Amino acid sequence: MQAWQVHENGEPSEVMRLNETAAPTPGDGQVLLKVRAANINFPDALLCRGQYQVRPPLPFTPGVEICGETEDGRRVIANPVLPYGGFAEHAVADAAALLPAPDALDDAEAAALHIGYQTGWFGLHRRARLEAGETLLVHAAAGGVGSAAVQLGKAAGATVIGVVGGAQKAAVARELGCDVVIDRRATDVVAAVKEATGGRGADVIYDPVGGEAYTQSAKTAAFEGRIVVVGFASGTIPSPALNHALVKNYSILGLHWGLYNTKNPKLVQHCHEQLTELAARGAIKPLVSERVPLSGAAAAVQKVADGLTTGRIAVVMEEAA
């Protein structure tokens, strides 16, 4: 089979190589899946760089989220077990963790439903307890993680403020349903949020960026606001001033979605049922901005690494395409 492999750490476009290799052999409790589509996530770039919290042995195949097909023809969503990731014709996954792909979504959309939307659902509902009528601020609202949070926030009845970088991403955020869009390159984010909320601030802030975005989050949190720390796409991990959280009376909530797979897997299943229902009624639909063949995976991962994308890029196998 064909598979992209990383033999040394570095930038994805430099270290990912498309090789002809034997199909992997599943271990106990695992299954071999035919990959129909693989969604590209920022962690794929971090894996290539050797900067992710998981460091699989070299060589490995990146690709942490797929829509695949079982031997009996079922279409499923899975997180491949590294080192046999999704940027290949076949991948390995834990049988117990397979989820049915929603009928309402095609392969590329189904591949993009899992991590970003599960993270959004757990962040907004499990951690922040977002309520209808509250104001949700989403950083990087046109990106893969942010776009999922925007759709989930709207589905929950929140007023959504999206922060983006650039006019093109601002247009995407409006199409996603943001009630207010702030271009951080052209507008002072803190002043714009205060203006949009009558000086009150945002009840829930969803931050996959870190760095300066977190500083803005702390300044715009409302009384009893909740900042959900999802990741650090900026490359800068902030050091929160806890005295500031105390005097403004807001909460800082960490979210590592992957922990639920081991700590409370039933919640992951419950979340998938909720997401499937939302997809069936059209309340959410992954924004797949680009579909590339397997041969284009390395260049596409590099685009995600460089922050040059809106929504998701999916690697789609030629047969499925």
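Helices and strands in these legends are DSSP runs numbered from the N terminus, a helix having at least four residues and a strand at least two. The model shown is predicted.

View 1. Proline 59 sits in the loop that joins helix H2 (42–49) to strand S4 (66–69). Proline 83 belongs to the loop between strand S5 (75–78) and strand S6 (90–94).

**View 2. Helix H5, residues 144–155.** The helix is made up of twelve residues. From the first C-alpha of H5 to the last, the span is 17 Å, close to the 16 Å expected at 1.5 Å a residue. Nine of the twelve residues are buried, so H5 is largely enclosed by the rest of the structure. A residue counts as buried when its relative accessible area is under 20%. The buried residues of H5 are Gly144, Gly146, Ser147, Ala148, Ala149, Val150, Gln151, Leu152 and Gly153. After H5 comes glycine 157, which has a positive phi, near 90°.

**View 3. The packing of helix H4 (residues 114–127) against H5.** Two packed helices are described by the angle between their axes and by the distance between those axes. For H4 and H5 the angle is about 50° and the axes are 8 Å apart. H4 is therefore oblique to H5. Their crossing is right-handed. On the H4 side, the residues that meet H5 are Gly116, Tyr117, Gly120, Trp121 and Leu124. On the H5 side, Ala148, Ala149, Gln151, Leu152 and Gly153 take part. Sorted by class, the contact of H4 with H5 holds six nonpolar and four polar residues, and no charged ones.

**View 4. Positive phi values at arginine 129 and alanine 140.** Arginine 129 is in the loop between H4 and strand S8 (135–139). The phi of arginine 129 is near 55°, which is a positive value in a residue other than glycine. With a relative accessible area of 51%, arginine 129 is exposed, since the class begins over 50%. Alanine 140 has its place in the loop between S8 and H5. Phi of alanine 140 is near 55°, again positive in a residue other than glycine. Alanine 140 is partly exposed, at 33% relative accessible area.

**View 5. Threonine 135 in strand S8.** This residue has a relative accessibility of 14% and so counts as buried. Leaving aside neighbours within four places in sequence, threonine 135 is in contact with Thr159, Ile161, Thr197, Ala202, Asp203 and Val204.

**View 6. Threonine 236 and glycine 211.** Threonine 236 is part of the loop between strand S12 (221–229) and helix H9 (242–248). Its relative accessible area is 44%, and threonine 236 is therefore partly exposed. Along the sequence, threonine 236 and glycine 211 are 25 residues apart, while in space their C-alpha atoms are 4.8 Å apart. Threonine 236 touches Val209, Gly210 and Gly211, residues up to four places away in sequence not being counted.

Notes:
Residues are numbered from 1 along each chain as its sequence is written. This is a predicted model: local features need pLDDT of at least 70, side-chain atom pairs count only at pLDDT 80 or more; totals for chains, interfaces and linings use all residues. Side-chain values use heavy atoms; hydrogens and water are left out. Buried means under 20% relative accessible area, exposed over 50%, partly exposed in between (1.4 Å probe, protein chains only). Contact means heavy atoms within 4.5 Å. The expected span of a helix is 1.5 Å times one less than its number of residues. Axes are lines fitted to C-alpha atoms, for helices over the stretch in contact, and angles run from 0 to 180 degrees between N-to-C directions. Angles under 35 degrees count as roughly parallel, over 145 as roughly antiparallel, 65 to 115 as roughly perpendicular and the rest as oblique. A crossing is left-handed if the near helix is turned anticlockwise from the far one by less than a right angle, and right-handed if clockwise. Ala, Val, Leu, Ile, Met, Phe, Trp, Tyr, Cys and Pro count as nonpolar, Asp, Glu, Lys and Arg as charged, and the others, Gly among them, as polar.
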